[in-house]
Each structure stands twice: as structure tokens, then as C-alpha cells.
Amino acid sequence: MGDKMKKFICLDIGGTYIKYGVLTEDMKFLTKGKVSTKKENTNILENISSIIKNCKRDHSISGIAISSAGIVDSDKGKIISATLIDGYSGLELKKELEYEFDLKCEVENDVNCVGIAENYLGEAKDAKSCVCITVGTGIGGCVLIDNNVINGFTNSAGELGYMYVNNNRFSQVATASSLVKNVSRLKAKEMTGEEIFQLAKDGDSLCIIEIDKILENLATGIANIIYILNPEVIVLGGGIMEQEMYIKERLNYFLKEKVVRDIFNNTTIKFAKNQNDSGILGALINFLQKNKKY
């Protein structure tokens with residue numbers, strides 16, 4: 001049975017790395033790896049093509065599934081805008097790869113892929129309405145209604161980082177990067193997110209206060225989303241959410257202050273299950289969905 005299982009090359013293209021894997025159609029990894037997005041003397045399309053060529057040497061491949069940073073036209077498989085990666089905006093990725101490899105290719109925004117993975121395999125499994133929020137260097141979002149991603153009129157639905165919270169963009173006041181920037185400035189030395197959370201757990205009052213500022217801003221943004229969409233489940237992902245044990249109680253405290261009780265009590269807040277592989281898994285589910293195999 002395993003020998004007959006179709007295999008797919010799945011890539012998660014970000015501003016720093018391209019994570020990739022060869023997966024079977026039942027979501028099992030056969031191989032995985034990552035390469036720098038900024039590989040010297042090559043452009044992004046060459047990097048992607050090189051990964052696919054290497055994977056095809058060892059596996060018989062039935063399709064290419066891609067999760068990508070930036071604003072993505074998922075129907076055309078085109079990168080509308082992606083400022084973090086040089087020469088990427090405007091790239092007709094689906095068209096280029098289908099022509100080069102004669103394989104079906106599907107492309108979707110990376111946060112949408114995280115949301116898809118959580119909706120089918122993770123903490124929002126079977127939820128009728130779900131919002132996935134990823135918090136890292138920036139903030140991204142994905143809205144799913146009845147298992148369908150809401151892309152918006154120009155494919156920019158879910159660009160939550162541009163929302164305004166306390167007279168600033170959400171991504172400037174509620175992210176891991178803003179926490180690190182603020183604490184490093186106040187302590188007059190470079191700090192990492194992990195160091196800041198450890199100090200907070202050890203009782204450092206400055207780190208506790210600064211984390212609370214970030215979490216209160218995050219709660220304000222989440223409260224606005226709850227009031228607009230009334231989702232059944234909100235799933236939180238991104239590197240900072242690995243601190244779930246510390247964050248959960250404090251975030252719920254702020255949310256209870258900002259969301260009326262009846263609505264808060266009927267909104268489930270979850271932390272993403274498939275943190276590292278969610279983009280790749282969501283890309284494959286998206287591929288199988290679009291090709292009527294899921």
C-alpha cells in the first residue's frame with residue numbers, strides 16, 4: 001500500500017528559510033530540510049527549483065505544494081507582494097514551476113496554510129469558524145469559515161499586522177520582536193525572547209511588565225477580531241506561543257477584561273498544535289483540496 005501512495009514536494013517559503021519536505025498523501029514525511037532564502041548568487045526561483053530537482057532524484061513526485069510569505073493570489077499561484085524576499089514580488093510561481101517540472105503546483109499564503117493545517121489536523125479540527133493568528137517578527141492571520149479560507153477581494157484578508165491598536169500597527173506593539181526591542185533598550189543590552197521569558201519566570205519585574213504590555217495589546221487585537229467575526233476557535237501560533245505555559249493565563253486575564261462575558265465564554269482560545277510543520281502540512285492539504293483529493 002505504501003509503495004502506491006502518491007508523494008508530493010512541499011515547500012514553506014519564508015523571509016529567512018525555505019523549509020521543505022517530501023510527504024505522502026496521508027501527511028507522512030519521507031524527508032525534510034531547510035535552506036537559506038538568501039543563498040548567495042542565486043535568486044529565489046533558482047533556490048526553489050534546486051530543492052525540487054534534488055527531491056525528484058530520490059522520489060517519484062505527483063505535485064508541488066507551496067506555502068509562501070507575502071500576499072498570494074492562490075488561484076493564479078502568483079506572489080502579489082513579498083517585501084522580505086528580494087525579487088519575489090510579482091513572481092508567477094505556479095506558472096514557472098508547472099512549466100519547468102511538468103507537475104501540478106498550488107501556492108497559498110503561509111499563514112493561510114497554518115490555518116488550514118490547524119483546521120484539518122490541529123486545534124481547530126472540525127470547527128465551523130476559525131481565526132488563526134501567528135505572532136512572530138510580525139503578525140499574520142487566516143480566517144476560515146466552513147473549512148474555506150476567506151481570501152478577500154484582493155487576496156489580502158487576514159493581514160492583521162496592519163490593524164491599529166493603541167495608535168500603532170498591531171505588528172509594532174504585540175510581537176516577539178517588539179518585546180525584544182523594548183526590553184533590550186530598557187536593559188541597555190541585547191536580549192533574546194527566550195532570555196526575557198526566563199527572567200520573567202524568575203521574577204524580573206521589568207520583563208514581567210513588558211511581556212504584559214505585549215499581551216494586553218495582543219488581547220486588544222484579538223478582542224476586536226472576536227467582536228467582528230465571532231469565531232468558534234482562535235488558534236495562536238508563531239515562535240512566542242511556545243511560551244504557552246506563561247502566556248495562556250495572562251492573555252486570558254486581559255481578554256476577560258476586554259470581551260463581554262457571554263462572548264468570551266463561547267470563544268475557545270487554543271495554541272497551535274503543528275508549530276514547525278504547519279506551513280508544509282497546510283500547503284499539502286490545500287493542494288489536495290484544490291485537486292479534489294481531500
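Start at Ile-13, which stands opposite Ile-18 in β2. This is a predicted model: local features need pLDDT of at least 70, side-chain atom pairs count only at pLDDT 80 or more, and totals for chains, interfaces and linings use all residues. Residues are numbered from 1 along each chain as its sequence is written, and side-chain values use heavy atoms, with hydrogens and water left out.

**Stop 1: the sheet around β1**

Select β1 (residues 7-13) and β2 (residues 17-24). Seven bridges join them, and the two strands run antiparallel. Helices (H or I, at least four residues) and strands (E, at least two) are DSSP runs, numbered from the N terminus. Two strands pair if DSSP finds at least two bridges between them.

Now widen the selection to the open sheet. Five strands follow the order β3-β2-β1-β4-β7, with mixed pairing. β3 (29-36) and β7 (105-109) are the edges; each has a single partner strand, so one side of each lacks a neighbour in the sheet. On average, neighbouring strands here are turned by 15° against each other, direction ignored.

Axes are lines fitted to C-alpha atoms, for helices over the stretch in contact, and angles run from 0 to 180 degrees between N-to-C directions. Contact means heavy atoms within 4.5 Å. Next, show helix α2 (residues 93-101), which packs on the sheet and touches β1, β4 and β7. The direction of α2 makes about 155° with that of β7.

**Stop 2: the sheet around β8**

Move to the open sheet with the order β10-β9-β8-β13-β14; its five strands also show mixed pairing. At the edges stand β10 (148-149) and β14 (268-271), each with a single partner strand, so one side of each is left without a neighbour in the sheet. Strand β13 (residues 233-237) and β14 run parallel, joined by four bridges. Pick Leu-236: its bridge partner in β14 is Phe-271.

Bring in helix α7 (residues 205-229). It packs on the sheet against β8, β9 and β13, and its direction makes about 160° with that of β8. Then select helix α3 (residues 110-121), lying across β8 (129-135), β9 (139-145), β10 and β13. α3 runs at about 45° to β9.

**Stop 3: α3 against α10**

Contact residues include Cys-113, Ile-116 and Tyr-120 of α3, and Leu-281, Ile-285 and Gln-289 of α10.

**Stop 4: α5 against α6**

Select helix α5 (residues 176-187) and helix α6 (residues 193-201). Their axes come within 9 Å and cross at roughly 70°. The two helices are therefore roughly perpendicular to each other. Leu-179, Val-180, Val-183 and Lys-187 of α5 meet Gly-193, Ile-196, Phe-197 and Leu-199 of α6.

**Stop 5: an aromatic pair**

Which ring geometry do Phe-197 and Tyr-246 show? Their centres are 5.6 Å apart and their planes stand at 85°, so the pair is edge-to-face. Rings of Phe, Tyr and Trp (its six-membered ring) pair if their centres lie within 6.5 Å; planes under 30 degrees apart count as stacked, over 60 as edge-to-face and the rest as tilted. Phe-197 sits in helix α6 and Tyr-246 in helix α8 (residues 244-258), 49 residues apart. The structure holds three aromatic pairs.

Terms used
Angles under 35 degrees count as roughly parallel, over 145 as roughly antiparallel, 65 to 115 as roughly perpendicular and the rest as oblique.
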